[in-house]
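Have the viewer open as you read.

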Amino acid sequence: IINGGQIGIGQDATSPSGTLHISTARYSTTNEITDGNAISTSNWSTSNTTGMTIGTPSNKATYNDGVNSDLVQTGIFTQPTDAGKRYKLTFTIEAKSEVTFTNAKLWIGRQDGGQGYVDGAYNDYALGKHEVIFVLPTDTTSTGLAFWAATSGSAFVISNISLYEDTLST
């Protein structure tokens, strides 16, 4: 409805008097991951040091071929506050120099491996930067995030991990 040269929307449609504000900032400016660009044992862990090396090469994590292993950071989520929130997870996959790369086969979810955040399955990731959107399950008690590598994928390097809350969906 137009009234006196102004457009009204909603309850104030017949007497518009304010300013319409539109937010274009979909994601929070706070990266929930600590040291995602400088992966080290200070903030990341693994349950299988044979299958995964943290901090090698510098500031990255390396998955070794044929070994199921995890890269974990805890203390990211606050439960039950963060359950049901949508997140954008980004990470970069690189080839491990001494092997032929086919794919990175990753399961992304709870740190104990008991609940998936992304399809609840292992997914194939090619070389390059990846963006994954997920909703933190409402029935989880997890405060962490884990990348689990399958034995059927290639050896690879993961780096540049970030996680931002989708503030428009919550």
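Contact here means heavy atoms within 4.5 Å. With that cut-off, and leaving aside neighbours within four places in sequence, Ile161 is in contact with Asn31, Ile33, Gly36, Asn37, Ile39, Trp44, Leu71, Leu89, Thr90, Phe91 and Phe147. Keep in mind that this is a predicted model. The protein chain averages a pLDDT of 85, and 84% of the residues score at least 70. Confidence is lowest in strand β1 (residues 2–3), at a mean of 62, and highest in strand β9 (residues 128–135), at 96. Where pLDDT is low, the predicted coordinates should not be read in detail.

Back to Ile161: it belongs to the largest nonpolar core, a set of 31 residues, and is listed with Leu71, Leu89, Phe91, Leu106, Phe147 and Ile158 as having the most contacts inside it. Among the elements that give two or more residues to this core are β6 (86–95), β7 (104–109), β10 (145–149) and β11.

Strand β11 (residues 156–165) also holds Val157. Val157 counts as buried because its relative accessibility is 4%, where the cut-off is under 20%. Not counting residues up to four places away in sequence, Val157 touches Pro57, Lys60, Ala61, Thr62, Thr92, Ile93, Glu94, Ala95 and Lys96. Val157 and Ala104 sit 53 residues apart in sequence, yet 8.9 Å apart in space, C-alpha to C-alpha.

Three bridges join β7 to β8, running antiparallel. These two sit in an open antiparallel sheet of four strands, ordered β5-β10-β7-β8. Its edge strands are β5 (69–73) and β8 (123–125), each pairing on one side only, and the twist averages 30 degrees from one strand to the next.

Key. Residues numbered from 1 in each chain as written. Predicted model: local features only at pLDDT ≥ 70, side-chain atom pairs only at ≥ 80, totals over all residues. Heavy atoms only, no water. pLDDT = per-residue confidence, 0-100. Buried < 20%, exposed > 50% of the residue type's maximum accessible area, 1.4 Å probe, protein only. Core = buried A, V, L, I, M, F, W, Y, C linked by side-chain atoms within 4.5 Å. Pairing = 2+ DSSP bridges. Axes fitted to C-alpha atoms, helices over the stretch in contact; angles between N-to-C directions.
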